[in-house]
Amino acid sequence: MMRRLLLILTLLTPLLPAIGHQPVLAQESDAATTVEPKLPPPPYEPRLLRLAEIIGSIQYLRNLCNSEGEPGWRESMQALLDSETVGEPDRRERLTAGYNRGFRAFASVYTTCTASALVAEERYRREAATLITEIVARYGN
């Protein structure tokens, strides 16, 4: 699981400047999917939840200010969900909820691109980069 996290976080790092627009929707679970026994969340879970929220926020803000749209963050979030939450529907739901919470938080405040929206987006990108660096440095063995 740590190798998958490291791989996903490595893939996310170059995407920090590029962001998408659509909220991530939880996928329906397949009845044939085997569910592993409930495991405790990994020690980096709080940071990962914060990262999911930040990705949602950045995605909304970048697309608000970029008429062409940027799907990179949504795709990265989907890849993170796919690799980190296999057989853990509760965890997948929490990460998806964090992403959507971040997306909706700025959607309720900004309806047009403003200077403050650009500043917020830049600050969130920096925080995301810091979180990714911390998670990989501490847990990415």
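The accessible surface of the chain comes to about 7800 Å², with 57% of that belonging to carbon and sulfur atoms. Areas come from the Shrake-Rupley method with a 1.4 Å probe, and for residues only the protein chains shown count as cover. This is a predicted model: local features need pLDDT of at least 70, side-chain atom pairs count only at pLDDT 80 or more, and totals for chains, interfaces and linings use all residues. Residues are numbered from 1 along each chain as its sequence is written, and side-chain values use heavy atoms, with hydrogens and water left out.

**Fold and burial**

- The chain has five helices and zero strands. Helices (H or I, at least four residues) and strands (E, at least two) are DSSP runs, numbered from the N terminus.
- From the N terminus on, the order of elements is α-α-α-α-α.
- Buried residues account for 40% of the 141 residues in the chain. Buried means under 20% relative accessible area, exposed over 50%, and partly exposed in between (1.4 Å probe, protein chains only).
- Take the contacts between residues at least 6 apart in sequence: 88% of them join residues at least 24 apart. A contact here means heavy atoms within 4.5 Å.

**Helix H3**

- Helix H3 covers residues 72-84, which is 13 residues.
- From first C-alpha to last, H3 reaches 18 Å, close to the 18 Å expected at 1.5 Å a residue. The expected span is 1.5 Å times one less than the number of residues.
- The buried residues of H3 are Gly72, Trp73, Ser76, Met77, Gln78, Leu80, Leu81, Ser83 and Glu84.

**Salt bridges**

- The count comes to twelve salt bridges. The rule asks for a side-chain nitrogen of Lys or Arg within 4 Å of a carboxyl oxygen of Asp or Glu.
- Arginine 50 and glutamate 127 meet in one of them, at 2.9 Å from N to O. This pair links distant parts of the chain, with arginine 50 in helix H2 (residues 45-65) and glutamate 127 in helix H5 (residues 115-139), 77 residues apart.
- Arginine 50 is partly exposed at 25% relative accessible area. Glutamate 127 is also partly exposed, at 30%.
- Glutamate 53 and arginine 101 form a salt bridge at 3.3 Å, N to O. Glutamate 53 lies in H2 and arginine 101 in helix H4 (residues 89-107), so the bridge ties together parts that are 48 residues apart in sequence.
- Glutamate 53 is partly exposed at 22% relative accessibility. Arginine 101 is partly exposed at 45%.
- Arginine 91 and glutamate 84 form a salt bridge at 2.6 Å, N to O. Arginine 91 is buried, with a relative accessible area of 2%. Glutamate 84 is buried too, at 0%.
- Salt bridges that share partners join Glu45, Glu84, Glu88, Arg91 and Arg94 into one network.

**Aromatic pairs**

- The count comes to four aromatic pairs. Rings of Phe, Tyr and Trp (its six-membered ring) pair if their centres lie within 6.5 Å; planes under 30 degrees apart count as stacked, over 60 as edge-to-face and the rest as tilted.
- Tyrosine 44 and tyrosine 139 have ring centres 5.5 Å apart and planes at 50 degrees, so this pair is tilted. Tyrosine 44 sits in the loop between helix H1 (2-12) and H2, and tyrosine 139 in H5, 95 residues apart.
- Tyrosine 44 is buried at 1% relative accessibility. Tyrosine 139 is buried at 15%.
- Phenylalanine 106 and tyrosine 124 pair edge-to-face, at 5.4 Å centre to centre and 90 degrees between the planes. Phenylalanine 106 is in H4 and tyrosine 124 in H5, 18 residues apart.
- Phenylalanine 106 is buried, with a relative accessible area of 12%.
- Ring pairs link Phe106, Tyr110 and Tyr124 into a cluster.

**Disulfide**

- The count comes to one disulfide. The rule is a pair of cysteine sulfur atoms within 2.5 Å.
- Cysteine 65 and cysteine 113 form this bond, with their sulfur atoms 1.9 Å apart.
- The torsion about the S-S bond is about 100 degrees, so the disulfide is right-handed.
- Cysteine 65 lies in H2 and cysteine 113 in the loop between H4 and H5, so the pair ties together parts that are 48 residues apart in sequence.
- Cysteine 65 is partly exposed at 28% relative accessibility. Cysteine 113 is partly exposed at 35%.
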